[in-house]
Protein chains: 2
Amino acid sequence: MSILPSAEQVRSIANEYGTPTFVYDEQALENRAREALAFPHAFGLTVRYAMKANPNGVILQLFDKLGLHIDASSGFEAERALIAGIDASKIQLTAQELPGNLRKLVRNGVLFNACSLHQLEVIAKLSPTSAISIRVNPGQGSGAHAKVNVGGSMSSFGIWHKHLSKAKKIILEKKLRVERFHSHIGSGTDPHVWQQVARITLNLVKHFPDVHTVNLGGGFKVARIVGEQQTDLQSCGRAIKQEIDRFYRETGRRLHLEIEPGTFLTANTGWILARIIDVVETDTQSFIKIDSGMTENTRPALYGSQHPIVVIPIIPIDDTSRKKKKYLVVGHCCENGDRWTVKKGDGDTGEPRQLHEAGIGDLLLCGGTGAYCSSMSTKNYNSFPEAAEVMIKKDGVVQLMRRRQTLKQIVQ
Amino acid sequence: MSILPSAEQVRSIANEYGTPTFVYDEQALENRAREALAFPHAFGLTVRYAMKANPNGVILQLFDKLGLHIDASSGFEAERALIAGIDASKIQLTAQELPGNLRKLVRNGVLFNACSLHQLEVIAKLSPTSAISIRVNPGQGSGAHAKVNVGGSMSSFGIWHKHLSKAKKIILEKKLRVERFHSHIGSGTDPHVWQQVARITLNLVKHFPDVHTVNLGGGFKVARIVGEQQTDLQSCGRAIKQEIDRFYRETGRRLHLEIEPGTFLTANTGWILARIIDVVETDTQSFIKIDSGMTENTRPALYGSQHPIVVIPIIPIDDTSRKKKKYLVVGHCCENGDRWTVKKGDGDTGEPRQLHEAGIGDLLLCGGTGAYCSSMSTKNYNSFPEAAEVMIKKDGVVQLMRRRQTLKQIVQ
């Protein structure tokens, strides 16, 4: 779970940068990166950061410095990483949509992961000599929520495992060199599932003699609040390592391992800092209204996801003298679904949460929001500008990562 | 339901403006505005366009020309309407979050609707002499989906009806003049529910002798696809008119009526034009992948909402020779929940749809997307730029309403 910034620091950030503001913790980002880099492996490891989780350039640069590579989900993301100064050779493009400038990206050294038979044919035409990766749907999925399960027959991601003979035909005909093999099936915490997926994937790799790297994607679930289960990277890694070792014993091939965490690296390194703009009551319910909401964090509405929420009094008071009360925390949009306290797994149903008693003008932190919040929210709804983003550096200094958007930029 | 643009026009728009692009129909917008203006009333009517549905300046200007006023949900929306050239006196602000420049907005003539006791106190301090509106939660809600139900004790919108005595105390103490009374409770199609809400609301209005205008908000549901029920404005209007007539007989007061449609005015006037970038298969399922998705329309994922979808072949072929097939239509984001064909009311579950057989490069139209799509979607997810918006004018000419965003603007 996230480490809470101090109340004093929170007040000072609200004062200097306004609200709502995303607040990231450099030390936490570094810790997560090091944990990911310690993932067990048999013959080498590359950790690719799934930048769709949070594409801010400052985060990309930090991870680059720590030795992480990049998983880009669109040509725009690949370009964004290049703009941030990431070396092209460290970026792999795994996209549903082929970018218009694919030829240029690949010529500049961006790695390409073909996710369908069509993509194989396009890359063969555009860049016939390049060493590529293929993404396979091994026929199994796993995910904490139906929306993030990306394997199995109801998922469109990757070449369907039974179509690999068709893929091989294209590869042979077009003389493509498949050096990397990719299979990302969703998010889960069970090492046995990871091991099973690794085994199925490696059985498929046997048919591709040039493959030296296997990429099992991401989906390492984190615990945002007490009671949620977090993936144990070490257990999962050891389970996967057993399969890579077994593959080596069977084939003599030493496979390099890649993983692509996004949520794991960033979710619990960020908070949304909001201001309490109103506190209202009905017969049965108290509400905290904030100057943020689905515009910065749509996950509660989309997935019924649970985020830690803390009220920070604007004037310092002793915690022991603060009463507690049950609130629904609602956003600033004119929409009832704009809520941060919802039933687990059910974004349609509000669920009150026990919080410290709140007053208008107090601050509120929403944790576990470093991933899929600033990058995936209903931005500009009700014409609210995109929030500012700041980083608490390791030395405690606060760095502006992104200025708050202006109305002029919205209507551009 | 939306009128489908001609295949020829669709191809020409894709050619000139690229994809994805929002395509609006000026004639349809004008028709909807005239239907709303024909809402039955006893002593006068103002139709306010709930601009959060679609805040594009061209649409605001068109509605302004046709005699509609504006319902702004944030200070930013009010400013956006002013930028579009709307007269301040035609804009009413009904916001969860009070804007920083509220004093200036009100001084310039923007109308204010106080939505909580706190907001009453703020306006009394900022602009003590202004004639205001108050928004009340009458204790009842109605809505097609839990997320759009904005009345009742689990809703934070408006002053709770049992707190009106507190509100009156503030109003009397601060010498505020309450001339308008607002009660928006959600979206429904049943005239009896509208009549009931009108009756409850008007009973509350009796305690506010200066009120000359009652505003019942919006929430007039539309049918986006065959089988959905659309609000009959005439029936609802007649039911409400009976209550306003009754109020007149009982009190001698002639109340002006306001309504605030958003969806009704725009939903079925817009299409998202996308390109089919891939067609893939598993054992049990065929998928159409498009260069759009939740980045332009998050409603299927959020609400399980149903939108008409049409495949337009890129090369003209005779409709009778086209086969049909069941597809899941999925977006370009690396996320399984990025789908446009879902189970009704259940955004977590994909549901195949019978469509004309599709090929890569064909075009696809998604209808019913004029409201809460360009304004409320997970913009820039996977770093995709905001789509372009164009209007098919009444004379058939296509006008650019908003240029496609650039990557440079995203990383600004």
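**Reading salt bridges and interfaces**

Guide: The side chains of K206(B) and E250(B) meet in a salt bridge, 2.8 Å from N to O. The term denotes a side-chain nitrogen of Lys or Arg within 4 Å of a carboxyl oxygen of Asp or Glu. K206(B) lies in the loop between α8 (191-205) and β9 (213-215) of chain B, and E250(B) lies in helix α9 (residues 233-251) of chain B, so the pair ties together parts that are 44 residues apart in sequence. Helices (H or I, at least four residues) and strands (E, at least two) are DSSP runs, numbered from the N terminus.

Visitor: On what conventions do these values rest?

Guide: This is a predicted model, in which local features need pLDDT of at least 70 and side-chain atom pairs count only at pLDDT 80 or more, while totals for chains, interfaces and linings use all residues. Residues are numbered from 1 along each chain as its sequence is written, chains are lettered from A and ligands numbered from 1 in the order in which they are written, and side-chain values use heavy atoms, with hydrogens and water left out.

Visitor: Is K206(B) buried, partly exposed or exposed?

Guide: The general idea is a scale of relative accessible area: buried means under 20%, exposed over 50%, and partly exposed in between (1.4 Å probe, protein chains only). K206(B) has 35% relative accessibility and therefore counts as partly exposed. E250(B), at 48%, also counts as partly exposed.

Visitor: How many salt bridges are there over all chains?

Guide: By this rule the count over all chains comes to 32. One of them joins R34(A) to E30(A) at 2.8 Å, N to O. Both residues belong to helix α2 (residues 26-37) of chain A and stand four residues apart, about one turn of the helix. R34(A) is partly exposed, with a relative accessible area of 47%, whereas E30(A) is buried at 8%.

Visitor: Which residues are linked with E30(A) in a network of salt bridges?

Guide: R34(A) and K394(A) are linked with E30(A) in that network. The E30(A) and K394(A) side chains meet at 2.8 Å, N to O. In chain B, R34(B) forms a salt bridge with E30(B), the closest N and O atoms being 2.7 Å apart.

Visitor: What domains does the assignment give for chain A?

Guide: Domain bounds come from an automatic or database domain assignment. For chain A this gives domain 1 (7-22 + 268-411) and domain 2 (26-266). Their centres, taken over C-alpha atoms, are separated by 32 Å.

Visitor: How should I read the contact between these two domains?

Guide: Contact means heavy atoms within 4.5 Å; here 25 residues of domain 1 of chain A are in contact with 27 residues of domain 2 of chain A. Buried area is the accessible area (1.4 Å probe) that two parts lose on being put together, summed over both. The two domains of chain A bury about 2300 Å² between them, 50% of it on carbon and sulfur atoms. Between them the count is three salt bridges.

Visitor: With which side chains does the side chain of T295(B) make polar contacts?

Guide: A polar contact is a pair of N or O atoms within 3.5 Å; within protein, one must be able to donate a hydrogen and the other to accept it, and residues adjacent in sequence count only if both atoms are side-chain atoms. The side chain of T295(B) makes such a contact with the side chain of E296(B) at 2.8 Å, and with that of H332(B) at 2.8 Å. T295(B) lies in the loop between β12 (286-290) and α11 (299-303) of chain B, and is buried, with a relative accessible area of 4%.
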